[in-house]
There are 4 protein chains.
Amino acid sequence: MATATRLFAERGYDRTSVQEIVEASGVTKGALYHYFGSKDDLLHEIYGRLLRLQQERLDTFAGADEPVERRLREAAADVVVTTIDNLDDAMIFFRSMHQLAPEKQQQVRTERRRYHERFRALVEEGQRDGVFSTATPADLVVDYHFGSVHHLVSWYRPDGPLAPQEVADHLADLLLRALRP
Amino acid sequence: MATATRLFAERGYDRTSVQEIVEASGVTKGALYHYFGSKDDLLHEIYGRLLRLQQERLDTFAGADEPVERRLREAAADVVVTTIDNLDDAMIFFRSMHQLAPEKQQQVRTERRRYHERFRALVEEGQRDGVFSTATPADLVVDYHFGSVHHLVSWYRPDGPLAPQEVADHLADLLLRALRP
Amino acid sequence: MATATRLFAERGYDRTSVQEIVEASGVTKGALYHYFGSKDDLLHEIYGRLLRLQQERLDTFAGADEPVERRLREAAADVVVTTIDNLDDAMIFFRSMHQLAPEKQQQVRTERRRYHERFRALVEEGQRDGVFSTATPADLVVDYHFGSVHHLVSWYRPDGPLAPQEVADHLADLLLRALRP
Amino acid sequence: MATATRLFAERGYDRTSVQEIVEASGVTKGALYHYFGSKDDLLHEIYGRLLRLQQERLDTFAGADEPVERRLREAAADVVVTTIDNLDDAMIFFRSMHQLAPEKQQQVRTERRRYHERFRALVEEGQRDGVFSTATPADLVVDYHFGSVHHLVSWYRPDGPLAPQEVADHLADLLLRALRP
DNA sequence: TATGAATGAGTTTTCATTCAT
DNA sequence: TATGAATGAAAACTCATTCAT
């Protein structure tokens, strides 16, 4: 899985052959197929790993006993840090999801939606409480933020000038500022 | 090109075979290769089309004789509308750019950077003039906004509740609100 | 024809496409096919050119009014010089003859045999006259010499240490020495 | 390999498609590519087989404990017999070597040179010892002889009048006679 | 006399997956 | 639990030649 992750991130899912994965990881083709039903399964596992991680963290942050602004800010920043910390997984996620078989794709989308909705609930809560502006529909606000998270894989470089937490703080800050009433 | 655009958007670049393109468009393989040197060229042409269009529009909006807030807002909204109006091109762009041959990819990236820089200059101008907050580096602001633009191809549906211009107004609004000092 | 000759010599007949020939020579495909019926025809023309040249020169040398040792020596040396002077043609001849269409190949072989026989006649004449050894059948003697001529294209380099005439003298000398009774 | 050898000899390397090889040998394309990395590899293997065989035999003959005339004569005759015995391999060698990929071609050429040099050393030894004429440079002598060996594939027919050993004796004889001081 | 777009069969190679061992 | 040889369909691309203009 580690090898597959690296290769998928480097050259893309379709551009990585099973042959290359087994060669790079020193196992045989038979062994790989003994543990994974298909190349698709490998991809699916990678998704599952990231999805579970992020869902879990979001649940923690969103359910904390703190004011909603703070909970949203922390959740918004955390997803940035987590994404950067798992940049390969994230890159594969954002670039190769549509290469998954339809039924698995549907499943991932469903889990993704749950994640989106938990996040949206936070925004709506703040809007109801009057601490966030209602100028923009909550759905759009969430897509706005996640757009910037997905975009990280296109520009963030570990050796760049900004540490993950700095980027996270800036992006969360932008979100919160945009939501000021 | 129209057929290729549609198919690339539908199933992805790697998943679309030249055979499928020629069958769907009613030309022969030989004819296609008479006009395009490679499958890659086809992709490159699609990129060129979108890049030229967006660069041109940005230049117009950014160079207008208006206050910087207004110029940024209009540019930010326009790229949203243009992206939605060319959703297939945009989807191909954001999903398949890394499948382009290295040298062509570099070329696209260079043009893309020019675009990014023109946009950033607007933000910096507003920051210098004191109309935009300097809390966030301009670069990050631009990536924040373009994140949401790229993300459009993942969620925007022409038959959804929001018209392109509405989405554009909302997203530009979020940007401008985030930049309030 | 000049371009085709160069390209065929450089990369071989099968490896040279008609497209490359027309591009390198600045004519169009239509024009080429206006003057040559097929790619094969081009090759055949190149052969004809060399065959006619060599046959003509052999006839001159073999028919001269001189002792047979001298006529053979001069003919043997001349074919070496002529081959070196037309190294591209010769290379194509020796390497690509079997890529010619069967009927044309037969025709070339027939002309080649005539050439071989004229040369053999010289050897036989000398053997009858007692100036050449009869230890080796004349046919084999001719093949021995032409082997070394064909081989020139594999090792002779115009910028090497030996001038064409020097090589020719050495090879003719070897032949004549081998034929000493 | 046997099928490929036959087909390459019959119609040339470029004229033989992988499809034809697998059909004629009753294996699948996938199986062929499981064992050979490319069509080129197949050719390279054929070369290697012949090169190893001839180098080994030359080493044996040249290193024998006999007078140099005898060692040269036997080596010269043996390469003829070996070439005739492996006429398909030899034909492919002499006709298709330049169709090999550049790096592999270089490798073959290097091994070929080693062979040439061992042979030349014999000639030089005889020249130093005064048993061979020094009229012709040893290099040229070697090329003279190998020309006739290469040429065998152009004229020798197993059903012709001369047995391999007879041809070998005649050609070795011609060489030795040419070298008489 | 010349153009160059178009053809369609052909090329080599790759690939995910299977299965006897 | 693991091997690795084998499959067969599909991939991108090439090519000599034709033909309407």
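**Figure 1. The contact between chain C and chain D.** In this predicted model, 31 residues of chain C meet 31 residues of chain D. Contact means heavy atoms within 4.5 Å. About 3,200 Å² is buried between chain C and chain D, and carbon and sulfur atoms give 58% of that area. Buried area is the accessible area (1.4 Å probe) that two parts lose on being put together, summed over both.

Figure 2. A salt bridge puts a side-chain nitrogen of Lys or Arg within 4 Å of a carboxyl oxygen of Asp or Glu. C:Arg15 and D:Asp14 form a salt bridge, at 3.0 Å from N to O. The interface of chain C and chain D also has 13 residue pairs in polar contact, both residues at pLDDT 80 or more. A polar contact is a pair of N or O atoms within 3.5 Å; within protein, one must be able to donate a hydrogen and the other to accept it, and residues adjacent in sequence count only if both atoms are side-chain atoms. On the chain C side, α8 (138–155) and α9 (164–179) each supply at least two residues. Helices are DSSP runs (H or I, at least four residues), numbered from the N terminus. The largest share, eleven residues, comes from α8(C). By class, the side of chain C that touches chain D holds 14 nonpolar, ten polar and seven charged residues. Here Ala, Val, Leu, Ile, Met, Phe, Trp, Tyr, Cys and Pro count as nonpolar, Asp, Glu, Lys and Arg as charged, and the others, Gly among them, as polar.

**Figure 3. The contact between chain A and chain B.** Chain A brings 31 residues into contact with 31 residues of chain B. Together they bury about 3,200 Å², 57% of it on carbon and sulfur atoms. A:Leu140, A:Tyr144 and A:Leu174 supply 23% of the area that chain A buries against chain B, more than any other three residues. Two salt bridges link chain A and chain B. In one, A:Asp14 pairs with B:Arg15, with the closest N and O atoms 2.9 Å apart. Polar contacts join 13 residue pairs of chain A and chain B, both residues at pLDDT 80 or more. In chain A, α8 (138–155) and α9 (164–179) are the elements that give two or more residues to the side touching chain B. Eleven residues, the largest share, belong to α8(A).

**Figure 4. Packing of α4 and α6 in chain A.** Helix α4 (residues 39–62) and helix α6 (residues 87–96) of chain A pack at about 115 degrees, with axes 10 Å apart. Axes are lines fitted to C-alpha atoms over the stretch in contact, and angles run from 0 to 180 degrees between N-to-C directions. From α4(A), the residues in contact include A:Leu43, A:Ile46 and A:Tyr47; from α6(A), they include A:Ile92 and A:Phe93. The residues of this contact divide into eight nonpolar, one polar and two charged.

**Figure 5. Chain pairs without contact.** Chain A and chain C do not touch, and their closest C-alpha atoms lie 30 Å apart. Chain B and chain D make no contact either, with nearest C-alpha atoms 20 Å apart.

**Notes.** Residues are numbered from 1 along each chain as its sequence is written, and chains are lettered from A and ligands numbered from 1 in the order in which they are written. Local features need pLDDT of at least 70, side-chain atom pairs count only at pLDDT 80 or more, and totals for chains, interfaces and linings use all residues, while side-chain values use heavy atoms, with hydrogens and water left out.
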